[in-house]
Amino acid sequence: MGIISWIVLGLLAGAIAKFLLPGRDPGGLVGTTLIGIAGSFIGGWLSAKFLHRPIAHNFFDLATWIAAVAGALVLLVLYRLLFGNSRD
């Protein structure tokens, strides 16, 4: 997968993470989108590095999607913990 595919995957992973963790985010839609993109990169890297799961070359690999959404969820939770009160 190329960089554009990872960005699209990240956008979708961020949307899925936002759906799974509803509520007000400190960064709003743009912040959630950027967290999704970063989460897809980090989730894919961690999956390849520690689980010895090679990064798939096709867009519709279930393990890649799970890693991307999991990475986005973790980053979204951390972001809410660190900056959660900034929109009050």
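Residues are numbered from 1 along each chain as its sequence is written. Because the model is predicted, local features need pLDDT of at least 70, side-chain atom pairs count only at pLDDT 80 or more, and totals for chains, interfaces and linings use all residues, while side-chain values use heavy atoms, without hydrogens and water.

**Exercise 1. Find which residues of helix 1 are buried and what they pack against.**

Step 1. Buried means under 20% relative accessible area, exposed over 50%, and partly exposed in between (1.4 Å probe, protein chains only).

Step 2. The buried residues of helix 1 are W6, L9, G10, A13, G14 and A17. They cover an arc of only 145 degrees around the axis, so they are on the same side of helix 1. The arc is taken from the directions from the helix axis to the C-beta atoms.

Step 3. I4 and F19, on the other side of helix 1, are exposed.

Step 4. The buried residues pack against helix 2 (28-50) and helix 3 (62-83).

**Exercise 2. Describe the surroundings of S40.**

Step 1. S40 lies in helix 2. Its relative accessible area is 0%, so S40 is buried.

Step 2. Contact means heavy atoms within 4.5 Å. Neighbours within four places in sequence aside, S40 is in contact with W6, G10 and A68.

Step 3. W6 and G10 are among the buried residues of helix 1, and A68 is among those of helix 3.

**Exercise 3. State which helix gives the largest share of the nonpolar patch.**

Step 1. Patch residues have over 30% relative accessible area and no salt bridge, and nonpolar side chains (Val, Leu, Ile, Met, Phe, Trp, Tyr) are joined within 5 Å. A salt bridge is a side-chain nitrogen of Lys or Arg within 4 Å of a carboxyl oxygen of Asp or Glu.

Step 2. The patch covers about 1,100 Å², and its residues include I3, V8, F41 and W45.

Step 3. Helix 1 gives the largest share, six residues. V8 lies in this helix, and at 35% relative accessibility V8 counts as partly exposed.

Key
Helix = DSSP H or I, 4+ residues; strand = E, 2+ residues; numbered from the N terminus. Patch = residues over 30% accessible without salt bridge, like charges linked within 9 Å, V, L, I, M, F, W, Y side chains within 5 Å. Areas by Shrake-Rupley, 256 points an atom, 1.4 Å probe, with all protein chains shown as cover.
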